[in-house]
Every structure is written in C-alpha cells, then in structure tokens.
Amino acid sequence: MTFKDIFKNTDEIQKFKDLYFSAFPQEERVPFDFLADKVQYGNSNLLTVYHGDLFVGILVLVLHKDMVFLWYLAIDDSLRGNGYGTKVLQVVEQKYPGCRLVLNIDEVCDTFADFAQRQKRHQFYIKNGYCDCFVKTREKGVVYQLMSKNGNVTYNDYKQMMIAYLGE
C-alpha cells in the first residue's frame, strides 16, 4: 500500500477530486481549494492510495502535536470489502508511531435512514482498534462522533487541533 501526495504527483489531483466528490455528501465536504490551500502550512496532506498500480482511495490527514486526524478516508466503491480500508489504517499507524489517531464518523443513531451503514462504519473502526471518545461535534449541521486509537482524545484536544489547522 502506497500513498502519493497529490501535489508532488499532479496527475493524482483529478483522481483525488473524483473520489472526494463522489464519496462524501456536499454537507460533509469542505471546498477542495480550501483543503489544497491548507497543505502549504505543512500540517496536512492530501493523498491518493494505491495497491501496486491500482488506485484504491484517498486520504486527508491533519497533523497536530501527537495527533493524526484522518479527516477524509474513502475507498473506491468497487473495491470496498477487500481489506483496503484496514490496510490504509495500518499504514497510517506505521507512518506515525506513537501518535494518537483520530477520526470522526457520522453519528450512529437509529433515527437516521442510513443507520445500518453508519453502524457498519462504526463497527469497522472498532474492529480496527479505534474506541469511542464520547465526544460529539456539529459541523455544517452534521453531527459526528469522535473515535481514536493509541490514546483518548478530548473535546479540548480536538478543538485545539482544529484551531491550529483552520485558524480561530
């Protein structure tokens, strides 16, 4: 499994955009130009993911102190269920030893029409060693649950990371 920085391999930008816009609903996406602009500060990466020559997904990482926030992770629809998501998580952990790995998932609540999908995503991360932090955030009207691996992350930890990345 290899990661390619889309700005060091400009052929990767369109692959990244195509999956980014198809995998995440509009209310969960920030503008691509915003993500791209933030890379210049050195605390984030926009990556395409490959298994050999096969493009399998995308990943956006935000780095802050001892935390690595997996902001966006998407595996191509046609390749899901083949272990690629698990492998990406393993590679991230290997690349950032000793760091707390942090991510948000859509709130898991049985009042949502896509409850089964949300529950499946939650179980995927549990199976991969992530734990609930019992912190919820609301961003652009969407409620997320915070999960982490290699140590708990508090609301204040998350807030400080986002301030460092986004600004006040």
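What follows is a conversation in which each term is set against its cut-off.

Modeller: This is a predicted model, in which local features need pLDDT of at least 70 and side-chain atom pairs count only at pLDDT 80 or more, while totals for chains, interfaces and linings use all residues. Residues are numbered from 1 along each chain as its sequence is written, and side-chain values use heavy atoms, with hydrogens and water left out.

Colleague: Why is Ser44 called buried?

Modeller: Buried means under 20% relative accessible area, exposed means over 50%, and partly exposed lies in between, with a 1.4 Å probe and protein chains only. Ser44 has a relative accessible area of 3%, and therefore counts as buried. Ser44 is found in strand E2, residues 44-51, where helices (H or I, at least four residues) and strands (E, at least two) are DSSP runs numbered from the N terminus.

Colleague: Which residues is Ser44 in contact with, leaving aside its neighbours within four places in sequence?

Modeller: With contact meaning heavy atoms within 4.5 Å, they are Lys38, Val39, Leu61, Val62 and Tyr165.

Colleague: What makes the buried residues of H2 line one face of the helix?

Modeller: In helix H2, residues 32-39, the buried residues are Phe32, Leu35, Ala36, Lys38 and Val39. Seen down the axis of H2, they fall within an arc of 160 degrees, so they line one face of the helix; the arc is that of the directions from the helix axis to the C-beta atoms. These residues pack against H1, E2, strand E3, strand E4 and helix H5.

Colleague: How do you know that Phe16 and Tyr20 are stacked?

Modeller: Rings of Phe, Tyr and Trp (its six-membered ring) pair if their centres lie within 6.5 Å, and planes under 30 degrees apart count as stacked, over 60 as edge-to-face and the rest as tilted. The structure holds 14 aromatic pairs. In one of them, Phe16 and Tyr20 are 5.9 Å apart centre to centre with 25 degrees between the planes, and the pair is stacked. Because Phe16 and Tyr20 are four residues apart in helix H1, residues 12-23, they are separated by about one helical turn. Trp71 and Tyr72 also form a stacked pair, at 5.2 Å centre to centre and 20 degrees between the planes.

Colleague: What makes the charged end of Lys38 sit over the ring of Tyr165?

Modeller: A charge sits over a ring if NZ of Lys or CZ of Arg is within 6 Å of the ring centre and within 35 degrees of the ring normal. The charged end of Lys38 is 5.9 Å from the centre of the Tyr165 ring and sits over it.

Colleague: Why is the pair of Asp66 and Arg100 said to tie together parts that are 34 residues apart in sequence?

Modeller: A salt bridge is a side-chain nitrogen of Lys or Arg within 4 Å of a carboxyl oxygen of Asp or Glu, and the closest N and O atoms of Asp66 and Arg100 are 2.8 Å apart. Asp66 lies in the loop between E3 and E4, whereas Arg100 lies in strand E5, residues 100-106, so the pair ties together those parts. Arg100, with a relative accessible area of 14%, is therefore buried, whereas Asp66, at 34%, is partly exposed.

Colleague: Which other residue forms a salt bridge with Arg100?

Modeller: Asp157 does, with the closest N and O atoms 3.0 Å apart. That pair links distant parts of the chain, Asp157 being in helix H5 and Arg100 in strand E5, 57 residues apart.
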